[in-house]
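Welcome! Please work through the exercises below with the structure open beside you, and try each task before you read its solution.

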Amino acid sequence: MQLVEKAKNIVINVKQDKQFANDRSKAFNMAKQFLLLLFRWVIIIGMCYIILSPLIGIISSSFFSDTDVYDKSVYIIPKDPTLDRYRLSWLRLDYLTVLLKSLWYDLSLLILQVVITSMVGYGFARFQFPFKKVLFGCVVVMIVIPTHTIMVPLYMVFRNFDPLGIVTAINGEPISLLGSTWPMYIMTLLGCGLRSGLYIYIFNQFFRGLPKEIEEAALVDGAGPWFTYFRIMLVNAIPSVITVSIFSLVWQYNDLFFANLFVINTKESISKSITTLSGTIGNLDRIVDPTILQLYTYAGVVLVILPVIIIYVALQKYFMEGVERSGIVG
Amino acid sequence: MTKKYKLTLLQKRAVVGLLFISPWLLGFLTFYVKSIFMAVKWSFNSIELLDTGGVKFTYVGLDNYIYMLTEHGSFTQTLVNSVFDIGIDIPLIIFFSLLMAILLNQKFKGRTLVRAIFFIPVILNADAIMETINTARQLMVDGVSTVAVDTASSAVNINVDYYFAMFENIGMPPSILDYVVSAVGRINDIITRSGVQIVVFIAALQAVPASMYEVSKIEGATAYETFWKVTFPMVTPLIITNIVYTVVDSFINSDVVNAAYEMAFTNQKWGYSSAMSLISSVIVCAILVIVCGLISRKTFYYN
């Protein structure tokens, strides 16, 4: 008890001491700020670790040799690094050809997406026409309805593709577009591609935020609505265009749902071919050990995500600015 | 001589506007409206694929739905699980992404890098890659060799039950305990799925006018009060946006969708598959309406 009394006295003495009051409050403030800083960095580093750790794991284990896998003393840094996983995955994925093909596919879809959805977004933002609210409600419905609700009908539409009976008139019977990339192009061209609803929404919000004076000036100078849209509004919408471009490119690149639904060839879509990679390697190269097979998949995954990561890192700055300035917030 | 119709300027603008949205309108009618009608029609039919490539419809009424809800082995279970998962995830994801957005909105060194890292899961959300990443995550916890040689014997054995008993003895209700435990177990999931939400919240935070903070500072509000009286009300409209995104996103990746997909393309039972899709979609919409209805009452709109 005496000890407690003593401690209390010391505390009271220090508190009543006027001489060092200034220093003390400074010290308290510094300690407070330091604790806050520490807290923030602990959380941030922890979260970053959770996000990055599987990536680190994949990259490091894709260099493991057969002995490293079963060596208990090996963690993250391989003792006997090998590039063989990459060699074989590269070969079996047919990497460059498939990558170029799927980039071509994704980029052409991206351009269609941007042109079509921005056009629709502009139409909704700037023009008055009957049933506008109802129609915009339909855009929201498009975002909310899960695509799987309509997957079977979509499959049937493209299995017996016959718009207005034209194909039957020419060909005698409806053609099947499954197995090609046509369904995706047609859907994107008609503004119903992968998450088009979201993009329309983003563009709409952005165009609504732009000042009307720009268009009035264009009108006075004699520009028609289409010229105004292409040469003036689209140029002003660069932040949204970048946001939508990155979203579209990345999601299209990763898309498996539509690729599976429309039975798109594995040679056309690299994210689809990664799903079959371990099977292919297992069959062709007679690797039966699932653990070793897993390493080849890791190497394949690194190869597949590499282009996306490069694009993302290159455009990261514009992307963040774009998201902040474009209409996501509404 | 044909009579020439003259449109007023407003009518002209309306026509141009309709032209602007016409591609989407056409697509919406052919793909969405028609498909939804087809799905509804099919869900009332039993569908047989003929060898000639055609299909044969037999009207069966509500049989598909009754079968799915009462007889099918796993559908109701999967559905209930998915709905529960979403119910648990919504508050966690919203809370977590708001917290992270507030942290990342402050100025500090390396902010761009951290933001870039937080968005990586959105970039890598492909199914195939996700699966690989999940196995890899296990591998980072235990080390490659442990996973390879023996997954069962982990090096450190923490007796979780002991802690459970301890907390229950303190008097914590088991339901809260379960929620916390499942939340901790889902932390990976939560973090990887809140990328877009974090970005949306960051954008919202930046839209809060600086003058408001200035005023609250002059009036002598503490940081805590400022958060609840200024920051939070200003972000609430975005909470609904984020909830919609979260629900739709988690349903697309849920087991129900996979089950419907398998039913359609592996078993060729399109009637059942349509019924499954419709039931789950109706439930998603119901969840959205209920949650948004509840929240929009409390939402503060600045304008």
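Predicted model: local features only at pLDDT ≥ 70, side-chain atom pairs only at ≥ 80, totals over all residues.

Residues are numbered from 1 along each chain as its sequence is written, while chains are lettered from A and ligands numbered from 1 in the order in which they are written.

**Exercise 1. The build of chain A**

Task: Find how many helices and strands chain A has, and work out why chain A is described as more spread out than a compact globule.

Solution: 
- Step 1. Helices (H or I, at least four residues) and strands (E, at least two) are DSSP runs, numbered from the N terminus. Chain A has 16 helices and zero strands.
- Step 2. The radius of gyration is taken over C-alpha atoms, and the globule rule is 2.2 Å times the number of residues to the power 0.38. For 330 residues the rule gives 20 Å, but chain A has a radius of gyration of 29 Å, well over that value, so chain A is more spread out than a compact globule.
- Step 3. Now look along the principal axes: the C-alpha trace of chain A spans about 105 × 70 × 35 Å.
- Step 4. Next comes burial. A residue is buried if 20 or more other C-beta atoms lie within 10 Å of its own, exposed if 12 or fewer, and partly exposed in between, with C-beta atoms placed from the backbone. In chain A, 39% of the 330 residues count as buried.

**Exercise 2. Positive phi in loops**

Task: Which loops of chain A hold Asp94(A) and Phe131(A), and is each residue buried, exposed or partly exposed?

Solution: 
- Step 1. Most residues other than glycine have a negative phi.
- Step 2. Asp94(A) has a positive phi, near 60°. It is in the loop between α4 (84–93) and α5 (95–126). Asp94(A) counts as partly exposed because it has 14 C-beta neighbours inside 10 Å.
- Step 3. Phe131(A) also has a positive phi, near 60°. Its loop lies between α5 and α6 (132–144). Phe131(A) is exposed, because 10 other C-beta atoms are within 10 Å.

**Exercise 3. Where the chains meet**

Task: How many residues of chain A are in contact with chain B, and which classes do they belong to?

Solution: 
- Step 1. Two residues are in contact if their C-beta atoms, placed from the backbone, lie within 7 Å. By this rule, 70 residues of chain A are in contact with 77 residues of chain B.
- Step 2. Ala, Val, Leu, Ile, Met, Phe, Trp, Tyr, Cys and Pro count as nonpolar, Asp, Glu, Lys and Arg as charged, and the others, Gly among them, as polar. The side of chain A that touches chain B has 50 nonpolar, 15 polar and five charged residues.

**Exercise 4. A look at chain B**

Task: Describe the secondary structure and burial of chain B, then find the contacts of Met276(B).

Solution: 
- Step 1. Chain B has 14 helices and two strands, and 30% of its 303 residues are buried.
- Step 2. Not counting residues up to four places away in sequence, Met276(B) touches Met68(B), Phe75(B), Ala259(B), Ala260(B) and Met263(B).
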